[in-house]
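Visitor: Hi! Could you walk me through this one with me looking at it?
Guide: Happy to. Let's bring it up and start.

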Amino acid sequence: MRRKTPEERAEEVRRGRARQSDDRAAHASKRGKSRVALEHLARELPTEEEVLNYRALLKQETDRGAAIMAGAFTERSLWLAINCTIPDPGELVRKQWFEGPLAPFSTFAAKITLGRALNIYGSEMEGRLNTIKRIRNQFAHAPRPIDFSHPSIEEACEPFFVGEIEKYRPISGRSAYLAACMALAEMLQDYSFQQRNERPEPFYP
């Protein structure tokens with residue numbers, strides 16, 4: 001039996017890896033998930049079905065998972081509103097502005113400031129977005145287990161208790177935070193859809 005050359009063995013390994021990759025892609029496709037580069041996962045928008053069932057999806061998450069996921073949904077909605085407001089700079093320039101560690105508007109904080117500068121919203125909504133950002137960041141970066149029962153998180157959620165706080169006291173900090181994320185995300189998406197109309201004043205206070 002003829003021994004295979006190093007080139008032939010390398011080609012077999014390459015083909016084997018390609019088959020494994022195709023098998024993984026097919027498996028993901030059966031689950032309704034398409035393969036994307038790892039660095040692009042965070043930029044994928046939820047599907048229409050996921051948006052319609054987003055609250056149900058959040059209920060399945062831990063406090064940490066729900067806080068990060070809802071915050072990311074709000075940030076992505078803000079990104080959409082910004083891109084519907086500015087003149088189209090082209091895909092290359094858009095990536096330079098919003099993607100990568102050195103992009104000037106890659107962070108949630110930078111997007112919030114830009115949204116206010118573009119007159120998309122006023123100081124009240126800017127404050128709520130910054131509170132969401134602060135809470136989301138704590139859940140994303142804290143090395144210890146934390147949840148919405150933590151006194152600091154509970155205190156940070158206080159602004160989300162609409163109206164007379166005592167009336168809504170039975171609502172948990174988690175519920176208030178998630179409700180705020182969903183409400184602001186819906187406002188920003190609504191703004192995006194209506195952006196063709198000229199708006200001399202901030203769309204939201």
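Visitor: Is Tyr-54 buried or exposed?
Guide: In this predicted model, Tyr-54 is buried, with a relative accessible area of 6%. Buried means under 20%, so a value of 6% puts Tyr-54 in that group.

Visitor: And Phe-73, buried or exposed?
Guide: Phe-73 is buried, and its relative accessible area is 5%.

Visitor: Where do Tyr-54 and Phe-73 lie?
Guide: Tyr-54 is in helix H3, residues 54-59, and Phe-73 is in helix H4, residues 63-85. The pair therefore ties together parts that are 19 residues apart in sequence.

Visitor: What about the rings of Phe-148 and Tyr-177?
Guide: Their centres are 5.5 Å apart and their planes are at 45°, so that pair is tilted. Phe-148 lies in the loop between helix H7 (123-141) and helix H8 (151-157), while Tyr-177 lies in helix H9 (residues 173-193). This pair ties together parts that are 29 residues apart in sequence.

Visitor: Are those two buried or exposed?
Guide: Phe-148 counts as buried at 4% relative accessibility. Tyr-177 counts as buried too, at 0%.

Visitor: Which residues form the aromatic cluster?
Guide: Phe-139, Phe-148, Phe-160 and Tyr-177 form one cluster.

Visitor: Let me jump to Thr-131. Where does it lie, and what is it in contact with?
Guide: Thr-131 lies in helix H7. Leaving aside neighbours within four places in sequence, Thr-131 is in contact with Ala-156 and Phe-160. Thr-131 is buried, with a relative accessible area of 11%.

Visitor: New topic: what lies over the face of Trp-79?
Guide: That's Arg-76, at 4.0 Å from the ring centre.

Visitor: Last one. Where is Pro-89?
Guide: Pro-89 lies in the loop between H4 and helix H5 (91-98). Pro-89 is partly exposed, with a relative accessible area of 24%. Apart from neighbours within four places in sequence, Pro-89 is in contact with Arg-94 and Trp-97.

Terms used:
Residues numbered from 1 in each chain as written. Predicted model: local features only at pLDDT ≥ 70, side-chain atom pairs only at ≥ 80, totals over all residues. Heavy atoms only, no water. Helix = DSSP H or I, 4+ residues; strand = E, 2+ residues; numbered from the N terminus. Buried < 20%, exposed > 50% of the residue type's maximum accessible area, 1.4 Å probe, protein only. Phe/Tyr/Trp six-rings, centres within 6.5 Å; stacked < 30°, edge-to-face > 60°. Lys NZ or Arg CZ within 6 Å of the ring centre and 35° of its normal. Contact = heavy atoms within 4.5 Å.
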